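Here is my note on the model you asked me to look over. Please read it with the structure open.

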Amino acid sequence: MSSTPSRPPALALVDANNFYVSCERAFAPRLEGQPVVVLSNNDGCVVARSEEVKALGVAMGAPVREIRPLIRQHRVRVFSSNRALYGDLSARLMDALGRFAPRVEVYSIDEAFLDGSGFPEDGLIEYAREMVGTVRRWLGLPVSVGIAPTKVLAKVANRIAKRRKVPGGAVALLDPDRQTEALADLRTADLWGIAGRWSAKLEALGIDTALQLREADPPWLRSAFGVVVERIARELRGVPCRALEEVAPPKRQIVASRSFGKPVTALEDLKQAVAFHVTRAAVRLRRQGSEAGGLQVFVATDPFAPGDPHYHGACTVEFPAPTADTRALIGRAVRGLAAIYRDGFCYKKAGVMLLSLSPADRRQGALFDPGDGERSRQLMAALDAVNARLGRGTLWFGTEGYQQGWAMRQAHRSPAYTTRWEELPRAG
């Protein structure tokens with residue numbers, strides 16, 4: 001393909017269709033055309049639906065207990081969330097997309113923006129279709145592509161490609177007339193970045209469609225809604241306000257928390273759960289090259305359990321010097337947990353939040369604190385390397401426990417086809 005620029009730069013938004021469901025279908029082709037749902041932690045509610053399930057009227061977030069008759073009636077296939085599988089296929093998807101563009105911004109687990117500058121307009125659609133076909137062949141995942149001058153317009157184009165099941169899976173909104181036509185048929189509530197309260201206020205002011213928002217006066221939008229809505233309107237006009245971010249900015253906080261598979265009452269079980277969450281959070285902390293200056297540990301009972309007393313406790317611990325050492329983080333989190341633990345309650349959830357994050361290469365130690373030191377950094381690097389190579393949980397801290405009876409329910413989890421040797425798919 002020619003690399004001679006012939007028009008203003010374009011962005012392509014690639015979005016995997018019904019990603020969690022598609023991941024399950026990639027290793028079980030017999031599920032194609034069948035109704036499939038994927039459930040949240042502890043198999044509580046629906047977090048992903050196939051098109052067949054959407055046609056049955058099942059809403060996102062629907063509690064499983066309320067749709068069991070429908071599941072039986074229509075023989076809906078039910079899967080527990082398989083985070084290891086979804087995360088690995090996401091990484092493979094992003095790697096595949098990186099072969100089609102010089103710059104890629106990973107926006108979420110199933111979405112990425114690609115730099116389309118340098119490609120002539122008359123070849124972009126064919127190139128996008130080639131990308132859709134390649135991802136399907138390599139990974140078994142269906143994707144849709146939206147091409148436009150800005151991120152907001154690319155989202156609109158992607159929505160059209162997905163909703164209308166466009167042949168080839170790609171739609172381009174580079175022509176002003178096509179943009180106008182698409183925006184006239186789109187409600188403001190369906191625009192990327194427009195929150196529910198904003199859409200209600202816009203509609204109350206007579207701005208019902210994306211086209212009307214595009215034509216609204218930018219200074220007035222800023223005064224009435226703030227800079228975010230103004231920038232959305234400018235992007236609808238084809239003026240880029242959101243640059244492509246190849247490197248995601250470091251998170252300011254890192255949270256690790258999950259509900260228990262069954263109620264927990266013992267302090268020792270809570271310690272194991274908190275240590276488990278600290279370990280996961282610490283890996284993410286080191287991965288982004290940061291250290292934490294403090295943490296918050298929290299526990300909570302089930303607010304919906306009838307007849308049970310309710311309690312929510314939280315404790316914030318500040319550190320004398322920032323650290324990314326899992327051992328230190330676990331020790332401080334467990335001490336915080338002891339301060340908020342109350343006997344006699346049935347706990348449903350526990351978690352940690354790492355706070356006051358700062359770059360590890362610019363740490364300033366405390367006067368009377370020896371700091372982590374090079375030995376600590378080498379130990380954590382070795383720990384992360386082993387778990388990355390041999391699988392998460394190959395090495396773990398004893399505080400996390402061995403049985404983990406509090407772990408979340410996953411009664412319908414499919415095998416971790418790509419991340420565990422013992423669960424690799426076998427040819428029949």
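Predicted model: local features only at pLDDT ≥ 70, side-chain atom pairs only at ≥ 80, totals over all residues.

1. Residues are numbered from 1 along each chain as its sequence is written, and side-chain values use heavy atoms, without hydrogens or water.

2. The model has one cavity of 30 Å³ or more. A cavity here is a set of points on a 1 Å grid over the protein atoms alone where a 1.4 Å probe fits but cannot get out. The largest cavity holds about 100 Å³, volume being the space filled by probe spheres set on the points, which are joined across faces, edges and corners.

3. Its lining has 13 residues, with A12, L114, L124, Y127 and M131 the closest to the centre; a lining residue has an atom within 4 Å of a point. At least two residues each come from β6 (111-115), α5 (121-139) and β7 (143-148). The largest share is from α5, with four. Helices (H or I, at least four residues) and strands (E, at least two) are DSSP runs, numbered from the N terminus.

4. By class, the lining has 11 nonpolar residues, one polar and one charged. Nonpolar means Ala, Val, Leu, Ile, Met, Phe, Trp, Tyr, Cys and Pro; charged means Asp, Glu, Lys and Arg; the others, including Gly, are polar.

5. In the contact between α6 and α7, L153, V156 and I160 of α6 meet Q179, A182 and L183 of α7, contact meaning heavy atoms within 4.5 Å. Five of these residues are nonpolar, one is polar and none is charged.

Conventions
1 Å grid on protein atoms, 1.4 Å probe; cavity = no way out; pocket = protein on both sides within 12 Å on 5 of 7 lines; lining within 4 Å.
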